[in-house]
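Open the model in a viewer and keep the selection tool at hand.

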Amino acid sequence: MKLTPVLEDAFNAQITLEFHASLVYRQLAIEMELHDLPGMAGWLRAQADEEIVHANKFIDHVADRDNHPRIGTLGAPQVEVSSVLEVFKAALAHEQKVSESIRGLYRLAESEGDLDSRPLLNFFIEEQVEEEATVREIIGRVQMINDDGPGLLRLDAELAARQSGGTEAA
């Protein structure tokens with residue numbers, strides 16, 4: 001079943017937002033690289049890759065529905081941070097923005113009577129709960145550490161353990 005024009009536009013807006021989220025995470029990774037925290041930078045780069053995977057899932061859904069996926073205009077991420085805490089607070093703020101967008105897309109699909117989008121949107125609603133919780137946990141740990149050098153290095157080493165699945169992961 002083809003998406004309605006309004007749903008096609010909304011899904012395309014979500015595709016653009018997912019790519020923008022990738023750019024935000026990549027910029028945050030750069031900030032951590034500049035703070036000599038390679039583990040945190042790697043975690044953020046893996047998160048950037050995951051956002052591209054998410055965009056690809058939306059692209060596939062739109063194309064599978066016989067619609068035309070389109071990436072909208074992407075601007076440079078406006079990220080101004082000077083500490084580890086600010087980096088992860090910026091990450092959480094962006095995750096919350098993505099979460100709200102997905103909830104809006106879900107509500108729109110419901111109002112359009114589009115049952116076929118439910119599985120994808122249910123996946124993303126659950127995914128966003130997990131994403132926000134993970135970043136909140138990191139924020140809590142950064143606040144507990146409170147600029148303690150050895151503590152930051154331990155957290156950096158722990159976050160370094162995350163491996164990226166690449167941008168074409170399923």
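Select Leu23, Ile71 and Leu74 and show their surface: in this predicted model, these residues make up a nonpolar surface patch with about 240 Å² of accessible area together. Leu74 lies in the loop between helix H2 (38-64) and helix H3 (84-111). Its relative accessibility is 36%, so Leu74 counts as partly exposed, the range for that class being between 20% and 50%.

Next, go inside and select Leu28, Met40, Leu44 and Phe88. These have the most contacts inside the largest nonpolar core, a set of 26 residues. Colour by helix: helix H1 (5-34), H2, H3, helix H4 (118-145) and helix H5 (149-160) each contribute at least two residues to this core.

Which residues does Phe88 touch, leaving out those up to four places away in sequence? They are Met40, Trp43, Leu44, Val135, Ile138, Ile139 and Leu159.

Finally, zoom out and switch to cartoon. The chain has 5 helices and 0 strands, in the order α-α-α-α-α along the sequence. Its radius of gyration is 17 Å, close to the 15 Å that the globule rule gives for 170 residues, so the chain is as compact as a globular protein of that length. The C-alpha trace spans about 55 × 25 × 25 Å along its principal axes. Of the 170 residues, 44% count as buried.

Terms used:
Residues are numbered from 1 along each chain as its sequence is written. This is a predicted model: local features need pLDDT of at least 70, side-chain atom pairs count only at pLDDT 80 or more; totals for chains, interfaces and linings use all residues. Side-chain values use heavy atoms; hydrogens and water are left out. Patches are made of residues with over 30% relative accessible area and no salt bridge: like charges are joined within 9 Å, nonpolar side chains (Val, Leu, Ile, Met, Phe, Trp, Tyr) within 5 Å. Accessible areas come from the Shrake-Rupley method with a 1.4 Å probe; for residues, only the protein chains shown count as cover. A salt bridge is a side-chain nitrogen of Lys or Arg within 4 Å of a carboxyl oxygen of Asp or Glu. Helices (H or I, at least four residues) and strands (E, at least two) are DSSP runs, numbered from the N terminus. Buried means under 20% relative accessible area, exposed over 50%, partly exposed in between (1.4 Å probe, protein chains only). A nonpolar core is a set of buried Ala, Val, Leu, Ile, Met, Phe, Trp, Tyr and Cys residues joined through side-chain atoms within 4.5 Å. Contact means heavy atoms within 4.5 Å. The radius of gyration is taken over C-alpha atoms; the globule rule is 2.2 Å times the number of residues to the power 0.38.
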